[in-house]
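Here is a short tour of one model, written to be read with the structure open beside it.

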Amino acid sequence: MNTPVFMYHALYHEESLLAGADKVYAISYKTFDGHIRFCELEKRKICSLADLYAKSFIQTSPVCVFTFDDGHISNYEAMLKLIEKGYSADLFVNSAFINTENYMTDSQLKEVSDAGISVQSHGHEHPYFSDLSDDEVYYQLNESKKVIEGITGKTVNIFAPPGGRINPNVIQIAKKLGYICIANSKPGVIKNNPDQFNIPRLPIQQHTSEQTIKDWLKPKAEGVLGLQCKYNITKIAKTVLGNKRYEALRSKVLN
Ligand SMILES: [Zn+2]
């Protein structure tokens, strides 16, 4: 069975009022409501990676995993929406940003965690982990785990690396610290018995069309292969240029 894992960032009611988030990755709440509806039409229950892990990734009925990166303040409303419908999701937050402008507060995180949302690590700050020394990786993973666990009272054991930038060292250090799952940004779908330290996700961007979402939710997850090709080409560019030069080029092209 194919299970898509959607990767969301910020949401907005009015795009012009969106603060502290990359607009390329932000979508409207109206669009988000549509995604929930499309899942329901495909009879896919919305759940978290933590839910799937708890079932050893054995999927008895169709689901779609919703994940949210960065812990932007706008995620709070999205979580309440999912909770109200009896769904779950993983919220990957940067522990250093909690309670700062444009980010969720500790009491909001505690509230959604108590209601079944899986609050997990996106690092302490938001560095590219592939650029860090082993000590820095250890610090980011350990600190975020401690801070978030202190807020929710629940175990933090899933990590989503910022920008999907990761290497085998990061995985080893994460394992040592008790992480059981890593959600990256490589496009794909989960099948039964996946590599739990290499969970692919489908990026939801402002330009992602309704049809694309509907295709991804189909039993055969249509359109994912094309996205994988595009991702691999971008990955080569990042390797050739290095992260910093790639980002500079990307912002030049987008602005
Ligand atoms: Zn991020």
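Helix α1 passes helix α7 in a right-handed crossing. Keep in mind as you look at this pair that the model is a predicted one. On the α1 side, the contact is made by G34, H35, F38 and C39, and on the α7 side by E210, I213, K214 and L217. By residue class, this contact of α1 with α7 divides into four nonpolar, two polar and two charged residues.

How are α1 and α7 oriented to each other? Their axes lie 10 Å apart and pack at an angle of about 30°. Angles under 35 degrees count as roughly parallel, and α1 and α7 are therefore roughly parallel to each other.

The axes of α5 (residues 134-152) and α6 (residues 168-176) come within 10 Å and cross at roughly 45°, which makes α5 oblique to α6. Here again you will find a right-handed crossing, with α5 passing α6. D134, V137, Y138 and L141 of α5 meet N169, V170, I173 and A174 of α6. The residues of this contact divide into six nonpolar, one polar and one charged.

The two pairs can be set out like this:

| Helix pair | Axes | Angle |
|---|---|---|
| α1 and α7 | 10 Å apart | about 30° |
| α5 and α6 | within 10 Å | roughly 45° |

Leaving aside neighbours within four places in sequence, L91 is in contact with F68, G71, N75, M79, V112, I117, S118, V119 and Q120.

Finally, have a look at Q206, which sits in the loop between β11 (202-203) and α7 (210-217). Is Q206 buried, exposed or partly exposed? A residue needs 20 or more C-beta neighbours to be buried and 12 or fewer to be exposed; Q206 has 15 inside 10 Å, so Q206 counts as partly exposed. Not counting residues up to four places away in sequence, Q206 touches K23, V24, A26 and I27. Y76, by comparison, is 130 residues from Q206 in sequence and 19 Å from Q206 in space, C-alpha to C-alpha.

Note on methods:
Residues numbered from 1 in each chain as written. Predicted model: local features only at pLDDT ≥ 70, side-chain atom pairs only at ≥ 80, totals over all residues. Contact = placed C-beta atoms within 7 Å. Axes fitted to C-alpha atoms, helices over the stretch in contact; angles between N-to-C directions. Helix = DSSP H or I, 4+ residues; strand = E, 2+ residues; numbered from the N terminus. Parallel < 35°, antiparallel > 145°, perpendicular 65-115°, else oblique. Left-handed = near helix turned anticlockwise from the far one by under 90°. Nonpolar A, V, L, I, M, F, W, Y, C, P; charged D, E, K, R; others polar.
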